Amino acid sequence: MHPGIKLRHIRVFLDIAARGNLSAAARAQGITQPALSRTLAELETLLGVPLFRRERRRLILTEAGTLLRAHAATALQTLEAGVAALHPDRAAGRIGVGVLPTAATRLFPRVALRFHEAAPHMTLAVETGPHSHLVRLLREGRIDLMIGRMPVAADMPGLRFDHLYEDPVALVSRAGHPMQGGATEAALAACPLILPPRDALIRPGVEAYLLARNLSPRQPAFETAALAVGRGILAGSDALWFISQGVVADEVDQGRMTLWPTGSAALAGAVGLTRRQGATPDRMLDLLARLTLDQAHP
């Protein structure tokens with residue numbers, strides 16, 4: 001490896017690759033955008049290949065960048081684990097993480113396992129619950145990070161949101177539903193409905209979707225965002241469930257649930273990391289955030 005390549009080059013490269021945006025990566029690194037751009041330019045010069053191409057307002061990895069990212073991310077995590085292994089007897093640390101349902105089933109378990117590999121002395125204390133509950137815990141300092149849908153504007157003062165991906169709201173049923181393959185609106189009019197809780201961020205969008213199709217107000221049979229509850233109800237009925245796709249992605253992939261077409265791109269929302277602005281920098285919290293970005297954009 002060229003002796004001019006430093007750890008700061010690798011960290012900057014991985015942050016830009018995860019976020020796809022110079023300004024967001026600069027905020028995460030705590031440096032100015034020009035300084036970040038210079039560091040990236042230095043790395044590309046030392047390597048002799050372009051790592052990104054610009055598409056509209058985003059930076060997209062080139063083939064060389066994709067190859068480097070796979071190795072660099074693994075190397076950095078291994079280095080973190082090595083540093084932690086030098087102090088096996090030090091006091092255990094703890095990070096409080098609030099996880100909303102959309103990230104709890106697939107994304108967060110992957111992140112948690114990678115974090116444990118890199119920092120086995122740390123404990124992840126996981127809180128779940130509705131969005132309002134987790135925002136309150138974050139403001140009170142009882143959790144350090146929230147993973148899930150972007151808070152509403154009224155909740156954002158004093159908080160910072162880093163975008164990961166867009167997560168659609170799915171309409172699902174059990175596999176083998178008797179109306180499967182027919183018109184979605186006919187099934188919605190005839191079958192019991194499971195809606196997200198009234199205080200869920202996705203509830204207004206679902207209600208607007210139903211209203212636009214003259215299906216509202218319809219009294220839902222059930223209200224839940226809990227996978228175990230929704231899965232059990234669907235398995236024993238012909239109900240249809242509006243829920244963040246991230247909650248049921250594994251169920252759909254494994255053939256236990258079926259996605260119904262909704263024809264609405266509006267039923268989607270940003271998922272990301274929410275933290276307190278101005279919080280004291282924390283190396284382990286930054287590692288957790290970086291691993292989350294890596295797992296959201298494998």
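This is a predicted model: local features need pLDDT of at least 70, side-chain atom pairs count only at pLDDT 80 or more; totals for chains, interfaces and linings use all residues.
Residues are numbered from 1 along each chain as its sequence is written, and side-chain values use heavy atoms, with hydrogens and water left out.

**The hairpin**

Select residues 52–55, which are strand E1, and then strand E2, which pairs with E1 in the antiparallel sense over 4 bridges. Helices (H or I, at least four residues) and strands (E, at least two) are DSSP runs, numbered from the N terminus, and two strands pair if DSSP finds at least two bridges between them. Between E1 and E2 there are 2 residues, so that the strands form a hairpin, and Arg56 in the turn has a positive phi of about 55°.

Move on to Thr62, in the loop between E2 and helix H4 (63–85). Thr62 counts as buried, because its relative accessibility is 13%. A polar atom of the Thr62 side chain lies 3.1 Å from the backbone nitrogen of Gly65. If residues up to four places away in sequence are not counted, Thr62 touches Pro50, Leu51, Phe52 and Arg53, where contact means heavy atoms within 4.5 Å. Although Thr62 and Leu51 are 11 residues apart along the chain, their C-alpha atoms are separated by 5.3 Å.

**The aromatic pairs**

How many aromatic pairs does the structure hold? There are 2 aromatic pairs, and one of them is the tilted pair of Phe13 and Phe52, at 5.7 Å centre to centre with 55° between the planes. Phe13 lies in helix H1 (residues 7–19) and Phe52 in strand E1, so this pair ties together parts that are 39 residues apart in sequence. Rings of Phe, Tyr and Trp (its six-membered ring) pair if their centres lie within 6.5 Å, and planes under 30 degrees apart count as stacked, over 60 as edge-to-face and the rest as tilted. Phe13 is buried, with a relative accessible area of 0%, and Phe52 counts as buried at 11% relative accessibility.

Next select Tyr209 and Phe242, whose ring centres are 5.8 Å apart and whose planes are at 65°, so the pair is edge-to-face. Tyr209 is in helix H9 (residues 203–212) and Phe242 in strand E9 (residues 240–244), 33 residues apart.

**A last stop in helix H4**

Finally, select Gln77 in helix H4, which counts as buried at 12% relative accessibility. Not counting residues up to four places away in sequence, Gln77 touches Arg114, Ala118, Leu291 and Asp294.

Terms used:
Buried means under 20% relative accessible area, exposed over 50%, partly exposed in between (1.4 Å probe, protein chains only). A polar contact is a pair of N or O atoms within 3.5 Å; within protein, one must be able to donate a hydrogen and the other to accept it, and residues adjacent in sequence count only if both atoms are side-chain atoms.
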